[in-house]
Amino acid sequence: MTGGLAAALLPVVEHSGAIWVGSSGRVRDGHQKEPFAEIEALGTGAIATLDLPAAHYGGYYEGFANSALWPALHSRSDLIRVSREDYVSYREVNAFMARALLRFRKAKTAFWVQDYHFLALGAELRDLGVDDPIGFFLHTPWPVAAVMQGVPNHRELITAMLAYDLLGFQTEEDRQNFLGYVGGELGLAIEDGVAISQHGRTRCEVFPIGIDAEKFAQYAAKSASHPDVSRLRRSLNGERLAIGVDRLDYSKGLVNRISAFDRLWTEQPQLARSISLLQIANPSRGGIEAYGSLQSEVARLVSDVNGRHGEVDWTPIRYLNKGFSQAVLAGLYRTAQIGVVTPLHDGMNLVAKEYVAAQNPADPGVLVLSKFAGAANELDTALLVNPHDVDGMARAIAVAASMPLTERKMRWDAMMKKLRGHTIQQWSADFVAELEKCRTEKAAVAPLAAQPPQALRWLKSAISGVRLI
């Protein structure tokens with residue numbers, strides 16, 4: 001599946017002249033003094049992919065990144081499973097990527113590092129003598145200090161993060177949680193959102209990520225003739241369709257969501273055959289125990305619900321463990337009268353924004369959205385729900401199914417106004433502009449004159465191709 005985040009970033013690379021450096025998803029044996037990169041042109045920019053060192057990949061990716069950082073960042077300290085060796089591998093891969101990035105460095109380069117896989121990359125670049133502006137954006141939430149304290153080596157790691165000139169967060173709550181840790185746990189001075197450390201000044205700002213809403217709307221309008229979309233539409237027989245699109249991850253609230261539909265059909269049996277759910281859940285990180293257990297639990301729950309409520313000619317939940325392109329997804333979103341985006345905790349969740357952008361302006365669907373997704377700060381005319389309240393979600397789905405056109409259009413218009421005003425292009429431009437201020441500030445205390453960057457160098461945590469986050 002070409003995920004929302006990666007699909008949103010690719011057009012920025014295409015039109016900005018940036019180089020996006022990331023993992024090829026492959027590993028290579030042996031110690032690589034000079035990391036090998038495959039480079040492919042993309043519009044005015046390029047994508048460079050590297051094979052990561054085999055000796056450290058497992059400990060880095062399935063280990064520290066996704067068995068320590070990911071659960072902690074999503075406030076699931078109970079799922080942290082990590083060893084000292086995993087942390088060593090995480091730092092080794094960050095150092096490996098830093099060496100690789102030096103190959104793309106030119107005069108007046110700026111570096112923009114993406115996501116939790118590379119929290120220490122800025123410090124590694126500094127150790128290699130890089131004094132260019134280095135920014136970092138976190139696509140996940142940042143939890144309260146007590147949760148981060150459950151991550152082994154948290155002080156060392158977060159101290160390393162302060163080597164970045166600019167740290168970007170999805171929400172103000174995330175930013176305040178980070179500053180709370182830095183001030184309380186590390187005892188550092190904070191001045192107007194700037195952390196003062198041994199590395200100097202690190203500005204912490206909020207940059208909610210957007211999408212190209214107009215482009216996604218065009219995808220949706222053109223997708224009606226796609227076989228997958230037309231077959232889905234024909235199969236509905238007049239019933240209303242709800243859709244959920246997620247990576248198969250414990251942060252997405254899939255068990256509670258399916259339980260809410262079970263409750264809906266139990267409490268309001270007249271809605272059976274009139275509302276069904278299409279749940280697309282692409283598996284990932286299968287080598288991690290928590291993910292394998294979740295996949296089994298969700299599959300069992302779907303089977304139970306279908307067995308309880310299904311008929312010989314009606315399946316309540318269509319459950320697919322495969323991905324679709326952005327163009328096809330846009331058509332599936334447009335076909336559905338209800339979008340169900342109910343993560344337990346999410347940095348932003350671009351599926352929510354994509355669902356809204358894909359709707360038919362003359363007859364838009366209704367978004368049921370978790371109040372714990374970053375997108376809820378902008379899409380506040382969605383039906384906001386507590387994903388831990390199964391009964392409340394069931395009621396919201398029923399309300400969405402019966403909402404009159406006038407109200408649907410009012411809510412949709414308000415959300416589209418937000419999406420058009422905060423696009424992916426504006427997001428990237430805002431971050432780059434703030435990162436350039438760091439160069440100017442450094443120039444004010446150095447003899448070198450400030451110059452605009454010749455090219456922005458990207459690093460994205462695309463570990464096995466393009467992923468949905």
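Modeller: Keep in mind that this is a predicted model. The general idea is that strands of a sheet pair through backbone hydrogen bonds, either parallel or antiparallel. Here strand S14, residues 366-370, is joined to S15 by three bridges in the parallel sense, and Val-368 is found opposite Leu-383 of S15.

Biologist: In what order do the strands of the open sheet of six follow one another?

Modeller: The order is S12-S11-S10-S13-S14-S15, and the pairing is parallel. Strand S12 (317-320) and strand S15 (383-385) are the edges, and because each has a single partner strand, one side of each remains without a neighbour in the sheet. On average, neighbouring strands of this sheet are turned by 20° against each other, if direction is ignored.

Biologist: Which strands does helix H11 lie across?

Modeller: Helix H11, which spans residues 289-309, lies across strand S10 (240-247) and S12, and its direction makes an angle of about 155° with S12.

Biologist: How should I read the side chains along a strand, and which way do those of strand S5 point?

Modeller: In a regular strand the side chains alternate between the two faces of the sheet. In strand S5, residues 134-137, Ile-134 and Phe-136 point one way while Gly-135 and Phe-137 point the other way, and all of them are buried.

Biologist: What are the pairing partners of S5?

Modeller: Strand S4, residues 110-114, pairs with S5 in the parallel sense over four bridges, with Val-113 standing opposite Phe-136. Between S4 and S5 the chain passes through helix H4 (residues 121-127), and this β-α-β crossover is right-handed. S5 also pairs with strand S6, residues 166-169, in the parallel sense over three bridges, and there Phe-137 has Gly-168 as its bridge partner.

Biologist: Turning to helices, at what angle do H9 and H12 pack?

Modeller: Helix H9 (residues 227-235) and helix H12 (residues 326-335) pack at about 20°, and their axes are 9 Å apart. Since angles under 35 degrees count as roughly parallel, H9 is therefore roughly parallel to H12. The crossing in which H9 passes H12 is right-handed.

Biologist: Which residues make the contact between H9 and H12?

Modeller: From H9 the contact is made by Asp-228, Val-229, Leu-232 and Arg-233, and from H12 by Val-328, Gly-331, Leu-332 and Thr-335.

Terms used:
Residues are numbered from 1 along each chain as its sequence is written. This is a predicted model: local features need pLDDT of at least 70, side-chain atom pairs count only at pLDDT 80 or more; totals for chains, interfaces and linings use all residues. Side-chain values use heavy atoms; hydrogens and water are left out. Two strands pair if DSSP finds at least two bridges between them. Helices (H or I, at least four residues) and strands (E, at least two) are DSSP runs, numbered from the N terminus. Axes are lines fitted to C-alpha atoms, for helices over the stretch in contact, and angles run from 0 to 180 degrees between N-to-C directions. Contact means heavy atoms within 4.5 Å. Buried means under 20% relative accessible area, exposed over 50%, partly exposed in between (1.4 Å probe, protein chains only). A crossover is right-handed if, with the strands pointing away from the viewer, the path from the first strand over the helix to the second runs clockwise. Angles under 35 degrees count as roughly parallel, over 145 as roughly antiparallel, 65 to 115 as roughly perpendicular and the rest as oblique. A crossing is left-handed if the near helix is turned anticlockwise from the far one by less than a right angle, and right-handed if clockwise.
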